[in-house]
Amino acid sequence: MAYIRLSREAYFHNLDIIAQKVGGVSKIAVVLKDNAYGHGLLEMAALASEFGVREAVVHNVTEAQSIARYFDHILILGGHQYAVDDKLFFAVNSLEQIEKMPKGCRVELKVDTGMHRNGVAMDEVAAAVEAINARGLLLKGVFTHNRSADALSSEWFWQRKNFESVKSDVLALQVKYGFETPRLHWANSAAAFRYKEFDEDMVRVGIAAYGCLEMAPTLEQPELRPVLALIAKKISTRQLRRGEHVGYNATFRAEEAMVVSTYDVGYADGLHRVSSNNYETPEGEKLLGRVSMDNTTFTGRRDELLIFDDANRYAKAAGTIGYEILAGLHSEIERVVV
């Protein structure tokens with residue numbers, strides 16, 4: 001089977017850049033949801049902990065419990081299971097959700113400031129805080145999510161202004177109900193690099209930590225390094241004659257005699273079939289014919305083939321974004337930290 005190479009040096013380089021931007025590693029919460037964007041949940045949790053990061057963000061309780069030994073504070077964004085645990089903090093995405101959470105559960109209220117995906121409405125904040133208090137939940141944070149921080153538009157400023165209004169409301173409610181000051185955060189990877197002076201309690205950093213952040217051309221593009229490389233092993237090599245075809249439906253025809261090799265990677269592993277006949281590896285080998293479920297043919301005879309070391313570059317051939325390429329990598333592919 002193909003394998004994934006993870007660069008400790010690149011990951012630490014990226015975290016160092018982020019720490020310098022936001023005012024220290026203590027403000028970083030690494031986003032490790034969905035198998036750490038395909039990088040490997042346990043592998044990246046261990047590396048983040050080694051760097052000194054003490055906070056993480058995941059999708060569900062199962063992910064949180066599997067990495068609890070590495071972190072002091074884990075924010076759980078979704079799922080339908082809850083637990084009373086000093087390390088686990090659950091996002092409240094709606095008023096209805098509050099009634100399903102057990103007394104003593106630590107929560108962080110998500111507010112919809114313009115994304116219109118999850119979170120209570122801005123005019124529901126007071127009702128949410130009252131319900132959290134009545135239910136006996138512990139409000140430990142209030143946050144929102146950016147919808148356009150990576151784009152050059154006024155929306156970043158408009159949404160930030162909305163969250164400033166939310167923060168004022170929350171601090172007034174704190175006086176009314178007497179709970180401790182919750183941490184307030186709205187910055188994702190892109191938003192962190194829009195600040196001149198970062199003034200949030202924390203940053204939820206995902207794609208930037210993995211080195212695949214893409215900002216609009218006129219915005220600051222930090223010198224990040226991709227952490228992940230996908231490498232395939234050769235199954236076989238053959239000599240094609242002029243006029244012979246490769247793969248299903250004969251979509252590639254050799255215009256001259258050539259050497260080709262088949263590798264143990266396909267769309268079951270995370271390659272996209274739409275990239276068939278439309279991709280060249282970093283080493284200059286061309287993808288020939290249709291991507292199959294478990295194998296794909298390229299030019300050359302290399303024993304190991306670097307399929308990509310920058311998910312954003314491969315994503316262009318597949319007509320998508322780096323996030324989807326990374327998250328789609330099969331969880332059973334071996335991940336090796338170097």
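Predicted model: local features only at pLDDT ≥ 70, side-chain atom pairs only at ≥ 80, totals over all residues.
A crossing of two helices is right-handed if the near helix is turned clockwise from the far one by less than a right angle. Helix H6, which spans residues 125-135, and helix H7, which spans residues 155-177, pack at an angle of about 35°, and their axes lie 11 Å apart. On the H6 side, the contact is made by Val-125, Ala-126, Val-129, Glu-130 and Asn-133, which meet Val-170, Leu-173 and Tyr-177 on the H7 side. Divided by class, the residues of this contact comprise six nonpolar, one polar and one charged.

A further helix pair is formed by H1 (residues 8-22) and H3 (residues 41-51), which pack at an angle of about 55° with an axis separation of 11 Å. Angles from 65 to 115 degrees count as roughly perpendicular and those under 35 degrees as roughly parallel, and H1 and H3 are therefore oblique to each other. The passage of H1 across H3 is a right-handed crossing. In this contact Arg-8, Tyr-11, Phe-12, Leu-15 and Asp-16 are contributed by H1, whereas Met-44, Leu-47, Ala-48, Glu-50 and Phe-51 are contributed by H3. Seven of the residues in the contact of H1 with H3 are nonpolar and three are charged, while no polar residue takes part.

Attention was then turned to the open space in the model. The largest pocket has a volume of about 730 Å³, and its lining consists of 31 residues, of which Lys-33, Tyr-37, His-145, Asn-188 and Tyr-323 are the closest to the pocket centre. Two or more lining residues are given by each of three elements, namely helix H2 (33-37), helix H8 (189-192) and helix H10 (322-327). By class, the lining of this largest pocket contains 12 nonpolar and 12 polar residues, together with seven charged residues.

Methods:
Residues numbered from 1 in each chain as written. Heavy atoms only, no water. Axes fitted to C-alpha atoms, helices over the stretch in contact; angles between N-to-C directions. Helix = DSSP H or I, 4+ residues; strand = E, 2+ residues; numbered from the N terminus. Parallel < 35°, antiparallel > 145°, perpendicular 65-115°, else oblique. Contact = heavy atoms within 4.5 Å. Nonpolar A, V, L, I, M, F, W, Y, C, P; charged D, E, K, R; others polar. 1 Å grid on protein atoms, 1.4 Å probe; cavity = no way out; pocket = protein on both sides within 12 Å on 5 of 7 lines; lining within 4 Å. Points joined across faces, edges and corners; volume = space filled by probe spheres on them.
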